[in-house]
Amino acid sequence: MAFLTGLLSIAENLNQPGGIPWEWLILKVFDFVTVYGWRIVLFTVLLKLLLYPLDIFQRYKMRKNQKITERLKPDLDKLQATYADNPQVLQQKQMELNKREGYSYFSACLPALITMIIFIWFFTSLNNISQYMIFKQYVEWYDKYEVEYSRVLEENDYDSYLAIVEDENSTSDEVKQAQDKLVEIKRIAVEAGQTVVYDFYYGEEGNRESFLWIKNIWSPDVPWKKPILDASGFDGAVGNWDTNAKKSGLDESTLALLKNSYDDVTGKLQKDEGNVANGYLILPILAAGLSFLSQFLSMRLQKKSGQPQAAGMGGMKFMMFLFPILMIFFAVGYTSAFALYIVLNSGFTVLLNLLSTGIFAIKDRGAEKKATETIIRYGRPDPHEFISKDNRANSDRGTGDGKKTGGNRKGK
C-alpha cells in the first residue's frame with residue numbers, strides 16, 4: 001500500500017485562511033472554545049463591547065442634536081411656513097441654521113459608517129472561513145477514511161490479488177477470480193471507511209459544527225439544504241479551496257483525488273436519515289425582525305428631533321424595510337455563523353437603544369421636575385409664603401428692631 005502512505009495526513013498540510021484579524025481570532029485565539037457556534041457568540045460579544053464607545057458617542061450626538069432642534073423649533077417652524085412651497089430651499093435653510101447652532105450631521109453618522117465597514121469586512125472574512133471549514137472538515141474525513149480503507153485492503157491481501165491480475169503468466173480464470181476478489185475487497189474497504197467517518201461525525205470530537213438546532217454552523221440555517229452536502233453542493237460551498245493549489249496548500253493531484261473521492265467518503269453520511277435539514281429559518285427570521293426593530297427605534301429617536309426633512313426621514317423609512325430584506329439575503333444565502341452574528345449584534349443594538357432611551361427619559365423627567373420645582377419656588381411663588389415672611393418681618397420690627405430704634409432716639 002505504498003501508493004497510499006503519502007495521503008494519510010492531508011489535513012496537516014492544509015493552509016488556514018490568512019486574514020487578520022477575524023480569521024486569526026476565530027480559528028486560533030478562540031481555539032479553546034471547541035464548539036464553533038459558541039466561538040461566534042464570544043466573538044460577537046467582545047466585538048460589541050469594543051465598539052460600545054462608538055454606540056454611546058452616536059447616541060450622545062443624536063441626543064445633543066435633538067436638544068438643539070428643540071431649542072430651534074420656533075425658528076424651524078418659521079422656515080417651514082416661509083418655504084413650505086420650496087422643499088429644497090427649506091432643507092438648505094434648515095441645514096444652514098443647524099450648522100450655525102452646532103447641529104452635527106456627520107459625527108452622528110460616523111459610528112454607523114464604521115460599523116458598516118466592519119460588517120462588510122467581517123462578512124467577507126467569515127464567508128471565507130466557512131468555505132475553509134467545510135473543506136477542512138471533508139479533508140479530515142478523507143484522512144480517516146483512507147486510514148481505514150488502506151487497513152482493510154492490507155488485511156485482505158489486496159496487493160497479492162492485484163499482482164495476479166498484473167502477472168502476464170496468470171491464466172484467465174486466475175485473473176477473473178482475482179478481479180472479483182479485488183472488487184469485493186474494495187467494497188468492504190469503502191464500507192469500513194464510510195463507517196469510520198460516520199462514527200467520527202456523530203462522536204463528540206466530530207460534532208463541533210453543530211450549534212443548538214443548526215446541524216452545521218458553516219451552512220445556512222435553511223430546511224432545503226442538508227448538513228452533509230452532495231458532491232455538487234460541496235463544490236459550490238467551498239469556493240475555490242478545492243481547486244486552488246496555492247490557496248489550499250495542496251497539490252493539484254491531491255485536490256483532484258479529494259474531489260473524485262467525495263461520494264465514497266461521505267456516502268453513508270449522505271444516506272443517513274438524519275441528513276434532512278440543516279436548519280429551520282430561525283436565524284433569518286430573527287435577523288430580519290431585529291433589524292426592523294433596530295431601524296424603527298432609530299427612526300423614532302430621529303423623529304423626536306423635529307426635523308424630518310433635514311434628517312432624511314423618507315430615506316430612513318426606506319432603510320427600515322430595506323435592511324431586513326438584506327439581512328434575510330445574507331442569512332439565507334450564506335453561512336449560519338454570519339446569521340448568528342447578525343442576530344446577536346442586532347439584539348445588542350436594540351437592547352442598547354432601549355436602555356439608553358430609558359436612561360435619557362429618566363434623566364429628562366428629573367430635569368423637568370427640577371425645573372418645575374424651581375419655577376414654583378422662585379418664578380411663581382406661593383403668596384402665603386410671602387405673607388408669612390411679612391408677618392415675621394413686622395413682628396421683628398415690633399420687638400427687637402423697635403427697641404433698638406427707640407433706644408437710639410432716647411440717646412439723642
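# A tour of the predicted model

Select glutamate 191 to begin: this residue is partly exposed, with a relative accessible area of 40%. The model in the viewer is a predicted one.

**The whole chain**

The 412 residues include 39% that are buried. The fold contains 15 helices and zero strands. Among contacts with a separation of 6 or more, 80% are between residues 24 or more positions apart. The accessible surface amounts to about 23,600 Å², and carbon and sulfur atoms account for 59% of that surface.

**More salt bridges**

How many salt bridges does a search of the whole structure find? The search returns eight. Side chains of opposite charge can pair when their charged atoms come close.

Next, select aspartate 31 and arginine 39. Their salt bridge has its closest N and O atoms 3.1 Å apart. Is arginine 39 buried or exposed? Arginine 39 counts as buried because its relative accessibility is 1%, under the 20% cut-off. Aspartate 31, by contrast, is partly exposed, with a relative accessible area of 44%.

Move on to lysine 259 and aspartate 235. These two form a salt bridge as well, and the closest N and O atoms are 3.4 Å apart. Lysine 259 is partly exposed at 36% relative accessibility, and aspartate 235 is partly exposed at 32%.

Then select Glu148, Arg151 and Glu155. Here the salt bridges form a network that links the three residues.

**Helix H10 again**

Return to helix H10, which covers residues 252-260, and pick alanine 256. Alanine 256 has a relative accessible area of 34% and is therefore partly exposed. The C-alpha atoms of alanine 256 and threonine 243 are 7.8 Å apart, while the two residues are separated by 13 residues along the chain.

Start with aspartate 167, in the loop that runs between helix H6 (158-166) and helix H7 (172-201). Aspartate 167 is partly exposed, and its relative accessible area is 36%. A residue needs over 30% relative accessible area to be part of a patch, so the 36% of aspartate 167 passes that cut-off.

**A nonpolar patch**

For the last stop, select Phe292, Leu293, Phe296 and Phe321. These residues form a nonpolar surface patch with about 350 Å² of accessible area together. Which helix gives the largest share of the nonpolar patch? Helix H12 (residues 282-303) does, with three residues. Phenylalanine 292 is located in helix H12. With a relative accessibility of 33%, phenylalanine 292 counts as partly exposed.

How values were computed:
Residues numbered from 1 in each chain as written. Predicted model: local features only at pLDDT ≥ 70, side-chain atom pairs only at ≥ 80, totals over all residues. Heavy atoms only, no water. Helix = DSSP H or I, 4+ residues; strand = E, 2+ residues; numbered from the N terminus. Buried < 20%, exposed > 50% of the residue type's maximum accessible area, 1.4 Å probe, protein only. Patch = residues over 30% accessible without salt bridge, like charges linked within 9 Å, V, L, I, M, F, W, Y side chains within 5 Å. Areas by Shrake-Rupley, 256 points an atom, 1.4 Å probe, with all protein chains shown as cover. Salt bridge = Lys/Arg side-chain N within 4 Å of Asp/Glu carboxyl O. Contact = heavy atoms within 4.5 Å.
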